[in-house]
Amino acid sequence: MAFVFSNSMNQTLEIVKATTTDAELIVSLARRTFIDTYSELGIRNNMGRYMEEYFNVEKVSEELAREDLHFYIARLQDQPVGFTKLRNDRMPRGIADKRCLEIERIYILKEFQGNSGGKELMNVIKKMARESRYQVIWLQIWQKNEKAVQFYRKSGFVVYETTVFNFYDELHDDFLLRYDLYI
């Protein structure tokens, strides 16, 4: 299934479900966006270690084969510009008795941010969540990633709790955000 949108510049944005053949593409997008985002925010010591562990073809291929993980790729004018990774195998802290969908990643290449890619990915996530009868969409985000926090708040998410993320030998203060679907 593909979702197709036109942005304000009459460019076509297509969002499609990823398959196992997309592992290399996802790894490439993940590494580029991770470096662009987090090197600007001062995380350098453990970036390589994290990318080696989570952004490699073998790991992503395994994840693409799982039924509880869902990847979608955004292409602007047929050029890959980002992706999202969703999961329904974890329950968020502080939310009980709700059917929950987690956004683990929304990554848009820096040079394409502001071209509706993230917004339309979010719209697709909300649409799919409603159709699948989820009650809450949730995510965890580093508090210092102000640009992402602002994006999620603009998308209707609210901070409902804080937590600490153990990034190897660094501790990061994170927000837990939620979006209630009222189904």
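Arg66 and Asp89 form a salt bridge in this predicted model. Their closest N and O atoms are 2.9 Å apart. Look at where the two residues sit. Arg66 lies in the loop between helix 3 and strand 3 (69-76), while Asp89 lies in the loop between strand 4 and strand 5 (100-108). The pair therefore ties together parts that are 23 residues apart in sequence. Arg66 is partly exposed, at 35% relative accessibility. Asp89 is also partly exposed, with a value of 35%.

Arg66 has another partner. It forms a salt bridge with Asp68, and here the closest N and O atoms are 2.9 Å apart. Why can such pairs form? Side chains of opposite charge can pair when their charged atoms come close.

Now turn to Glu63 and Lys85. Their side chains meet in a salt bridge, with a distance of 2.8 Å from N to O. Glu63 belongs to helix 3 (residues 57-65) and Lys85 to strand 4 (residues 79-87), so this contact ties together parts that are 22 residues apart in sequence. Are these two residues buried or exposed? Glu63 is buried, with a relative accessible area of 8%. Lys85 is buried as well, with a relative accessible area of 1%. Both values fall under 20%, so both residues count as buried.

Step back to the wider picture. Glu63, Arg66, Asp68, Lys85 and Asp89 are among the residues linked in a network of salt bridges. Arg87, Arg90, Glu102, Glu104 and Arg105 belong to that network too. Across the whole structure, a search finds 15 salt bridges.

Note on methods. Residues are numbered from 1 along each chain as its sequence is written. This is a predicted model: local features need pLDDT of at least 70, side-chain atom pairs count only at pLDDT 80 or more; totals for chains, interfaces and linings use all residues. Side-chain values use heavy atoms; hydrogens and water are left out. A salt bridge is a side-chain nitrogen of Lys or Arg within 4 Å of a carboxyl oxygen of Asp or Glu. Helices (H or I, at least four residues) and strands (E, at least two) are DSSP runs, numbered from the N terminus. Buried means under 20% relative accessible area, exposed over 50%, partly exposed in between (1.4 Å probe, protein chains only).
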